[in-house]
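Please keep the sequence and the model in view while reading.

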Amino acid sequence: MTSNHFVWTKDTEIIDLSHSLDDKMSLYPGDPCFRCRAVSTVEDDGCAVTAIQLGSHTGTHLDAPSHFVLGGRATDAISLNILQGHAAVINVATLEPKHRVTREELEAAFTSQFPSNSLSDFRIVLVRTGWSSHWGEEKYNHHPFLDADIAQYLIGSGIKVIGVDTLSPDATSEENGSNDFRFHQTFLGSGGVIVENLTNLDWASGSTIFVNLLPLKLKGTQR
């Protein structure tokens, strides 16, 4: 579910991990357009009110299990305890468009960047591909993606939340109905949570950070 802000704390500074919402931002193919318009103004009405229309996957957002799992937990049923804590930011940047990140590549990156840790030391993992630099461009849709085997690897290591700086951990196709959602199905099917369209991970690449990934509380929303 779209969030007000996903953030991480560096010393006493708070870093925003969310993209701004505007009419130039990237959207998943076929998703509802974003609209923001004034319904009243201070000048004419004495107060300013804005109407906002957007899909539940607009901008930086959280995928609850119910997004793919019949009867899975919706956003308001997810414990906030698993959505904040120390996260490993694994850097797999400098990848080509539509590159499939293999389990071996992710494991090698984690081992080299976190030599004193095992993956099971964390419950949140954020994967930086560097693709957030293409936000708002057509190229953003041609992002690197994670092999479905990585989902099972993360689940087996006790990871509860996976975040990416791309439209999806799965590949994105412009053709409706042609997408392969095996990563979503596996990870959400285990009760995990996926966060998409993160930004500013370059600040924390290859390090451990404390994050808050708290979504809008929309009761019973099926994703």
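## Fold and overall dimensions

The protein is built from four helices and 12 strands, in what is a predicted model. Its radius of gyration is 18 Å, close to the 17 Å that the globule rule gives for 223 residues, so the protein is as compact as a globular protein of that length. Taken along the principal axes, the C-alpha atoms fill a box of roughly 60 × 45 × 35 Å.

Of the contacts in the protein with a separation of 6 or more, 76% are accounted for by residues 24 or more positions apart. Buried residues make up 48% of the 223 residues.

## Surface and charge

The protein exposes about 10,800 Å², and carbon and sulfur atoms supply 49% of that area. Its charged side chains number 16 positive and 27 negative, with the centres of the two sets lying 6 Å apart.

## Salt bridges

The count of salt bridges comes to four, and among them is the pair formed by Asp147 and Arg100, whose closest N and O atoms are 2.2 Å apart. Asp147 lies in the loop between β9 (145-146) and α3 (148-156), whereas Arg100 belongs to strand β7 (residues 100-101), so the pair ties together parts that are 47 residues apart in sequence. The two partners can also be described by their accessibility: Asp147 counts as buried, at 14% relative accessibility, while Arg100, at 41%, counts as partly exposed. With the cut-off for buried set at under 20% relative accessible area, the value of 14% places Asp147 in that class.

Another salt bridge joins the side chains of Arg103 and Glu107, at 3.3 Å from N to O. Both residues are in helix α2 (residues 103-113), and because they are four residues apart there, about one helical turn separates them. Arg103 is partly exposed, with a relative accessible area of 34%, and Glu107 also counts as partly exposed, at 27% relative accessibility.

The side chains of Asp180 and Arg182 likewise meet in a salt bridge, with an N to O distance of 2.9 Å. For Asp180 the relative accessibility is 38%, and this residue therefore counts as partly exposed.

Note on methods: Residues are numbered from 1 along each chain as its sequence is written. This is a predicted model: local features need pLDDT of at least 70, side-chain atom pairs count only at pLDDT 80 or more; totals for chains, interfaces and linings use all residues. Side-chain values use heavy atoms; hydrogens and water are left out. Helices (H or I, at least four residues) and strands (E, at least two) are DSSP runs, numbered from the N terminus. Buried means under 20% relative accessible area, exposed over 50%, partly exposed in between (1.4 Å probe, protein chains only). The radius of gyration is taken over C-alpha atoms; the globule rule is 2.2 Å times the number of residues to the power 0.38. Contact means heavy atoms within 4.5 Å. Accessible areas come from the Shrake-Rupley method with a 1.4 Å probe; for residues, only the protein chains shown count as cover. Lys and Arg count as positive and Asp and Glu as negative; His and the chain ends are not counted. The place of a charge is taken as NZ of Lys, CZ of Arg, CG of Asp or CD of Glu.
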